[in-house]
Amino acid sequence: MFDFTVEEPTLVPASPDPEDKEETEWYNQWPENACEEYAREVENLALKLMGLIALGLGLLKDKFNSYFKDQTSFLRLNHYPPCPSPQLALGVSRHKDGGALTVLAQDDVGGLEVKRKIDGVWIRVKPTPNAFIINVGGVIQVWSNKRYESVEHRVMVNSKKERFSIPYFLNPAHYTQVKPLEELINEQNLAKYKPYSWGKFITHRKLSNFKKLNTENIQISHFRISE
Ligand SMILES: O=C(O)CCC(=O)C(=O)O
Ligand SMILES: [Fe+2]
């Protein structure tokens with residue numbers, strides 16, 4: 001796995017501690033022109049999709065633009081080597097993407113599975129040539145007050161073939177307080193989530209991503225307001 005940020009540098013909180021106001025900068029260690037160019041193009045696509053989502057929610061098309069001014073978006077290069085016992089290997093364990101939108105490019109090997117909400121069955125996503133897979137992330141789920149929902153997914157490795165995938169994670173500025181949009185809440189539609197800091201959320205996830213966790217990794221459900 002190799003992460004490549006879009007902004008150089010990308011400004012983020014120094015720690016997940018809410019009291020800690022210090023910021024730090026993420027730099028790409030191996031700048032690659034191809035990555036940069038690709039990231040800019042998928043960013044345009046992702047922002048166009050955000051415009052359509054805004055329209056779909058009855059908002060102005062440019063409603064979300066300002067959140068991405070100091071974006072913390074990044075591109076990830078994934079390589080999954082083959083494994084003779086795929087059920088024993090970890091591709092990517094089940095999770096929901098936390099950001100706004102994910103634009104995923106994958107090769108023709110397959111292995112991505114999404115969890116069907118009604119019965120919890122894992123469904124394989126068949127690779128479609130020259131097509132992207134778009135995943136709604138937790139940030140849109142909260143902004144839309146759950147009119148959009150992010151789907152749980154995982155990656156199984158293949159027994160014979162290696163697999164490559166390139167997700168682009170469109171993420172807001174670290175200082176964004178993510179909360180249900182005012183326009184979408186009223187007496188009939190009460191806010192389903194408490195506001196949370198996007199920057200603290202990602203630094204928390206980044207610290208815990210590669211560790212064996214005793215507790216569940218941070219999820220937007222932790223900010224849910226109980227009914
Ligand atoms: O490799 C894939 O198809 C998806 C990877 C993924 O879900 C992620 O990096 O968040
Ligand atoms: Fe994912």
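Eight aromatic pairs occur in this structure, which is a predicted model. Two of them are set out below.

| Ring pair | Centre distance | Plane angle | Geometry |
|---|---|---|---|
| F68 and W143 | 6.2 Å | 85° | edge-to-face |
| Y196 and F201 | 5.5 Å | 45° | tilted |

F68 sits in the loop between α1 and β4 (74-80), and W143 in helix α2, so their pairing ties together parts 75 residues apart in sequence. Both residues are buried. Ring pairs also join F64, Y67, F68 and W143 into a cluster. In the other pair, Y196 is buried at 3% relative accessible area. F201 is buried too, at 2%.

Next, the nonpolar cores. The largest has 36 residues. Among those with the most contacts inside it are F64, W143, Y196 and L170. Five elements each supply at least two residues: α1 (33-56), β6 (101-106), α2 (138-143), β11 (163-170) and α3 (198-208). Helix α1 gives the most, with seven. A second, separate core has seven residues, including L104, L112, I133 and V157.

L170 reaches well beyond its sequence neighbours. Leaving aside residues within four places, L170 contacts A46, L47, M50, F68, Q71, S73, G99, A100 and L101.

Which residues hold the iron ion (ligand 2) as protein donors? They are H95 (NE2), D97 (OD) and H153 (NE2), at 2.1 to 2.2 Å. Their spacing in sequence is H-x1-D-x55-H. D97 lies in the loop between β5 (92-95) and β6, while H153 is in strand β10 (residues 153-155), 56 residues apart. D97 and H153 are both buried.

Definitions and conventions: Residues numbered from 1 in each chain as written. Chains lettered and ligands numbered in written order. Predicted model: local features only at pLDDT ≥ 70, side-chain atom pairs only at ≥ 80, totals over all residues. Heavy atoms only, no water. Core = buried A, V, L, I, M, F, W, Y, C linked by side-chain atoms within 4.5 Å. Buried < 20%, exposed > 50% of the residue type's maximum accessible area, 1.4 Å probe, protein only. Helix = DSSP H or I, 4+ residues; strand = E, 2+ residues; numbered from the N terminus. Contact = heavy atoms within 4.5 Å. Donors = N, O, S within 2.8 Å, 3.2 Å for Na, K, Ca; no water. Phe/Tyr/Trp six-rings, centres within 6.5 Å; stacked < 30°, edge-to-face > 60°.
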